[in-house]
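Here is a short report on one protein chain. It moves from overall totals to a set of paired strands and then to one helix.

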Amino acid sequence: MASPIRIFALLVALCFSGLAAAQSDRDVARASEPFVYQVDTVAMGGSVEADRLDLGTPMGLVESFMAAGEAREWGRAAEALDYARVDAPDGQSREAIAAKLYDLMHRSLTVDWTALPDRPDAVDTQTSSKDPMSGTARRSITLATLALDDRTVPIRLARVQMPGGEPVWMFSRQTVANVPALYSRYGPTAFEQALPAPLRKQAFWTLAWWEVIALPLILLIAALAAALTYLAIKRWRDAAGDDGKLVGVLQAIHLPATLLAFAGTFAIVRESFFRLSGPVKDLLDPLQLILVLAAALGIALSVIEAMFEFATDRRTDKLEAPENNDDRSFYTRMSAVRRIVTALLLVAAIGILLVASDISTTLGFSIIASAGLVGLVLVFAARKVLGDIMASVQIAFAQTARIGDAIYYDGQWCYVEKIGFTHLRLRTWDERRVIAPVSTFTSESFENWTKRDPSLMMHVELELDNRADVEALRKPFADFLEQDPDVIDAEEAKCQVVGQNARAMVVRFMARAQDPKAGWNMHCRLREHMLASASRLDAAAGHEPAPAYIPREREVRMDVSRGEEAG
């Protein structure tokens, strides 16, 4: 027999299940109702007698509105607009607003017809099941957005219903209220309106005849401005004469300024006189922005590069001088800062481009970007470049090699002239330029002769005859140490026999110089002096076998018989 407590719990569970069922029935009933904006009234334009537009679906609304606009039936087109927030006292002004909206959609917007649902509830049947809006009824759809002053204005469709009326799709009240302001921003200029009517007729695609004529004309005007800018900078450079700093800056900005003149003139002429429409505008806007950003970035980077080159192009006895150790460190750090600033400017330019042009939607890259392919491709392509950039910054901050340092790299004595993003420029002792990849430079060992102490122990090795008197050579070596101006710390100098074979022995003469450049010259003079001394001490040919300093080649004749040898 069930206890009273169990019976009470069962009754409570039945009550809650009944309430849940009733709530579910109410939700189902409510879900069967159309998903709309309930409004008191819909202020429609047009005449009731005219052939009505298809306001049942979003696609039907846009198609019938564009068809009415193409036929210049503004009375019919006005039916698609909700004028509740527009002060329009007569039908004519409402028709004018409909004409302006049609012009905006025709000139400045690109309608994605595949994304427009052809269902009254606007359910997107093409989206993936993972989309949170999949299978969901909608009462508002954004066709596109336009920038107006400091904000973005949507062109929006709304599904509205008056009490006792049928749900209809219309251009929303706020969209209609924004049409006059948008038209003044994106509509035809006064110059376009003054053109003859035949030129304003559509030629092909979405272009009118005046646009077909205007586009080459705009390009010609921009090219003329670029040519004049190029010639003006060239004359300025020629007139600058010996002003190396000004000439360097002008030479650096010559091409970027020419590009900026082309892109800027193209943008100004388009904005002031010719407002191209439709897909042509969508294509030209990002390209125009890319050109302007590239030109501005090029000018900024060129000026930075030119000023840095001028400041660090003091290879003549300045940075390479032994006492300028601090200057070498300073300019090397400045080189790293320059590369960091360059990288930041590039990133900022790319960010401005993506934000300002909305290139991902304008050029149709959103599908690829959503799949992550663009990111993977860019990362893979830039992998080595990014590695080289980081390696160059590492060299600059770690000070393993500084601008002006004397190094011994790949069997050559060089001075570091420039540390770039991906390469180092090295100047050899004979004025050749060695371009070393940063990745190779950092992965291989090299000698830095001026890292701590610029003085360098130079040595000369001579092969002398095994019978040579080394002690006799120390006197001319000591004379050289005393007389040569580039020798420092003469007490460290040494004369040593460091090798020997059947033909000769190897004698090394070592002396210290104050820096690599002086050391090289001293090294050559030491070799010349010791060779001359050995030659003076060497016996003449008639006084063999001793003394001998210069090595001899000895031969044994095997063709001589014993009798001949004895005779």
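## Surface and totals

The protein chain exposes about 32,500 Å², and carbon and sulfur atoms supply 60% of that area. Accessible areas come from the Shrake-Rupley method with a 1.4 Å probe; for residues, only the protein chains shown count as cover. The model is predicted: local features need pLDDT of at least 70, side-chain atom pairs count only at pLDDT 80 or more, and totals for chains, interfaces and linings use all residues. Residues are numbered from 1 along each chain as its sequence is written, and side-chain values use heavy atoms, with hydrogens and water left out.

Of the 567 residues in the protein chain, 38% are buried. Buried means under 20% relative accessible area, exposed over 50%, and partly exposed in between (1.4 Å probe, protein chains only). Among contacts with a separation of 6 or more, 67% join residues 24 or more positions apart. A contact means heavy atoms within 4.5 Å. The protein chain has 18 helices and 15 strands. These are DSSP runs numbered from the N terminus (helices: H or I, at least four residues; strands: E, at least two).

## Strands around E3

Two strands pair if DSSP finds at least two bridges between them.

| Pair | Bridges | Direction |
|---|---|---|
| E1 (residues 37–38) and E3 (residues 151–161) | 2 bridges | parallel |
| E2 (residues 140–148) and E3 | 8 bridges | antiparallel |
| E3 and E4 (residues 168–171) | 4 bridges | antiparallel |

Glutamine 38 stands opposite glutamine 161 in E3. Leucine 146 has valine 153 in E3 as its bridge partner. Alanine 158 has methionine 170 in E4.

Both hairpins have a residue with positive phi. The hairpin of E2 and E3 has 2 residues between the strands, and aspartate 149 takes a phi near 55 degrees. The hairpin of E3 and E4 has 6 residues between the strands; there, glycine 164 takes a phi near 80 degrees.

## Helix H17

Helix H17 (residues 516–537) has 22 residues. At its start, a side-chain oxygen of aspartate 515 reaches to within 3.0 Å of the backbone nitrogen of lysine 517.

The buried residues of H17 are Pro516, Ala518, Gly519, Met522, His523, Leu526, Met530, Ser533 and Ala534. They cover an arc of only 135 degrees around the axis (taken from the directions to the C-beta atoms), which puts them on the same side of H17. Exposed Glu528 and Arg536 lie on the face turned away from the buried side. The buried residues pack against several elements, including strand E12 (456–465), helix H16 (470–483) and strand E15 (504–513).

Technical notes. The expected span of a helix is 1.5 Å times one less than its number of residues. A polar contact is a pair of N or O atoms within 3.5 Å; within protein, one must be able to donate a hydrogen and the other to accept it, and residues adjacent in sequence count only if both atoms are side-chain atoms.
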